[in-house]
Amino acid sequence: MSGGATSDTLLEPGEVVMVFQGTIPNQKGVPVVQEWVAVRFAGTGLNVVDVEAFEAVAERLQLGRKPYANPNDAIPEHLRKQLPYAVGKANDYLMRCAERWTARMQPELQAQRERLKRLRGRQVEQLELSYANDQRPQQIKEKRRLAQQKAIDVRFDDHERFVNEVMTIEPAPYLKVVAVLHREA
């Protein structure tokens, strides 16, 4: 974190905005929730005024349309103290995003599980039918049937585990400080 960009026009006197990129992966490690979040402080204390999507802050501060100076000064002590609080607030924001994502994915996850269950049932049923009229000795039939049943179980257990890992997220967001904007009071 460098000294941070400053603006004397769009930031309120004493305002601090810390911008984070947050990522939450699924259980396979693939990012599925990616959000940019801004945590806003009023003054040099620990009073968090707002936590909002980055888009709202970018619009309000005209980021990308208005130049911001980066004086590359030493980092003010109050920014160092505010950072852990900002991280906590950004983490809370991302966890709410994760809850919404999980709520959206639950019906699809359940539907996938039901489809797998039906397909497994059909394969087992087909297996039973294929051995019902088999005239070989029972011991030979049973040995082969059990081996094929095991192969079905392994295949579907692996697929169910894969679906669960892809459609379930880890409860620990990864946060990266992207920018710190502040205006002296």
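Residues are numbered from 1 along each chain as its sequence is written, and side-chain values use heavy atoms, with hydrogens and water left out. Because the model is predicted, local features need a pLDDT of at least 70 and side-chain atom pairs count only at pLDDT 80 or more, whereas totals for chains, interfaces and linings use all residues.

The average pLDDT (the predictor's confidence in each residue, from 0 to 100) is 87 for the protein, and 95% of the residues score at least 70.

The secondary structure comes to 3 helices and 4 strands, where helices (H or I, at least four residues) and strands (E, at least two) are DSSP runs numbered from the N terminus. From the N terminus on, the order of these elements is β-β-β-α-α-α-β. The radius of gyration, taken over C-alpha atoms, is 27 Å, well over the 16 Å that the globule rule (2.2 Å times the number of residues to the power 0.38) gives for 185 residues, so the protein is more spread out than a compact globule. Taken along the principal axes, the C-alpha atoms fill a box of roughly 90 × 25 × 25 Å.

Of the 185 residues, 32% count as buried, that is, under 20% relative accessible area with a 1.4 Å probe and protein chains only. A nonpolar core is a set of buried Ala, Val, Leu, Ile, Met, Phe, Trp, Tyr and Cys residues joined through side-chain atoms within 4.5 Å; two such cores are set out here.

| Core | Number of residues | Residues named |
|---|---|---|
| Largest nonpolar core | 19 residues | M18, F20 and V33, with the most contacts inside it |
| Second, separate core | 10 residues | including A38, V57, A58 and L61 |

To the largest core, β1, β2 (31–42) and α2 each supply at least two residues, and the largest share, 8 residues, comes from α2. Residues up to four places away in sequence aside, V33 is in contact (heavy atoms within 4.5 Å) with G22, T23, I24, L94, C97, W101 and I169.

Leaving aside neighbours within four places in sequence, Q149 is in contact with V124 and L127.

Technical notes: Buried means under 20% relative accessible area, exposed over 50%, partly exposed in between (1.4 Å probe, protein chains only).
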